[in-house]
Amino acid sequence: MTAPSDTERLPAGTTTPRERFSADWLSRREWLDGHSRSHALTGLAADWLAARHGAHGRPYGIVDLGCGSGSNLRFLAPRLPGPQRWRLVDHDPALLALARRHGATQRDATGARLAIEACCRDLSPVDAGLLEGADLVVASALFDLVSRAWAESLVAACAARHQALLVTLSVDGDWAFLDAAGSRLEDVEDIAVRALFQAHQRRDKGLGPALGGEAPTVLAAAMAAAGYRVARAATPWHLAAGEDALRPLAEQLLQGWHDAALAQAPEEQTFLQRWHSRRLAGLVTGELGLTVGHCDLLARPPLSAVGA
């Protein structure tokens, strides 16, 4: 996840892969997330749940890891069959309460209310309390923050329970500026800053060295090795030049890139401030837009698994 400038850092050693993101940041990105993510993979997940329902004859269990303010639930619930039973998991009690409050107004594809359980805890360990009873495990903008070891432990736990996994909006490490025509625009300074940002992404977020932009590839390989059928879709953000409604988000992204690069290389403060000022001016005048690479992934259990 590309962190905003007002990200509140957690104490060293905290065993959660999710830093504290403000409700304002999550609200600003929600429309763009919904516009960017793969509706095709959501449809495949809905089809898989519908097929599994015949085997189990009970409500669909869905676990949302690192649910934040509940944007994943708000997008998925009306697009998935019902009845649905959600477990919302996050370490931040304020965001969790907000997610549960929003979830109370949501309906599934049949118009029925959702059953919602709020679980305030870290995502480690990956134990029965985290995943038990789930048919589908979902997460949005999470996996760049976790380690390879944690991702592999989640895959093993899902495989043992024949659970599907729908992971959306995992950053792939790429971002760039766009010109007024929507073409990619970058120079040597952008490339240097992006390299610093990518290095910062791989810092320990509480569960070992974070995957950063490698997350989609690592997760897809682990699920495939476990026998899952894996489908991927590129889901980049595009913030067009001169799009006033998205400018606050673009400016927040730019500030986040600057702050991450500065934390990685504090000796480059003068260079980074000059770069930030130059690119901010382009956003303000409407000459520049942004693109941020993301990937969605759906992994379904092997055909031999019960109900798969």
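**Salt bridges and a helix crossing**

R184 and D174 form a salt bridge in which the closest N and O atoms are 2.7 Å apart. R184 belongs to strand β6 (residues 184–185) and D174 to strand β5 (residues 164–178), so this pair ties together parts that are 10 residues apart in sequence. The model described here is a predicted one. R184 counts as partly exposed, because its relative accessible area of 41% falls between the limits of 20% and 50%. D174 is likewise partly exposed, with a relative accessible area of 28%.

D174 also takes part in a salt bridge with R194, with an N to O distance of 4.0 Å. This pair links distant parts of the chain, as R194 sits in helix α7 and D174 in strand β5, 20 residues apart. R194 is buried: its relative accessible area is 11%, which is under the 20% limit.

The closest N and O atoms of R29 and D33 are 2.8 Å apart.

Over the whole structure, the search finds 17 salt bridges. In general terms, side chains of opposite charge can pair when their charged atoms come close.

Two packed helices are described by the angle between their axes and the distance between the axes. For helix α7 (residues 188–201) and helix α9 (residues 247–264), the axes come within 8 Å and cross at roughly 75 degrees. Because angles from 65 to 115 degrees count as roughly perpendicular, α7 is roughly perpendicular to α9. On the α7 side, the contact is made by V193, L196, F197, A199 and H200. Helix α9 contributes W257, A260, A261, A263 and Q264.

Conventions
Residues are numbered from 1 along each chain as its sequence is written. This is a predicted model: local features need pLDDT of at least 70, side-chain atom pairs count only at pLDDT 80 or more; totals for chains, interfaces and linings use all residues. Side-chain values use heavy atoms; hydrogens and water are left out. Axes are lines fitted to C-alpha atoms, for helices over the stretch in contact, and angles run from 0 to 180 degrees between N-to-C directions. Helices (H or I, at least four residues) and strands (E, at least two) are DSSP runs, numbered from the N terminus. Angles under 35 degrees count as roughly parallel, over 145 as roughly antiparallel, 65 to 115 as roughly perpendicular and the rest as oblique. Contact means heavy atoms within 4.5 Å. A salt bridge is a side-chain nitrogen of Lys or Arg within 4 Å of a carboxyl oxygen of Asp or Glu. Buried means under 20% relative accessible area, exposed over 50%, partly exposed in between (1.4 Å probe, protein chains only).
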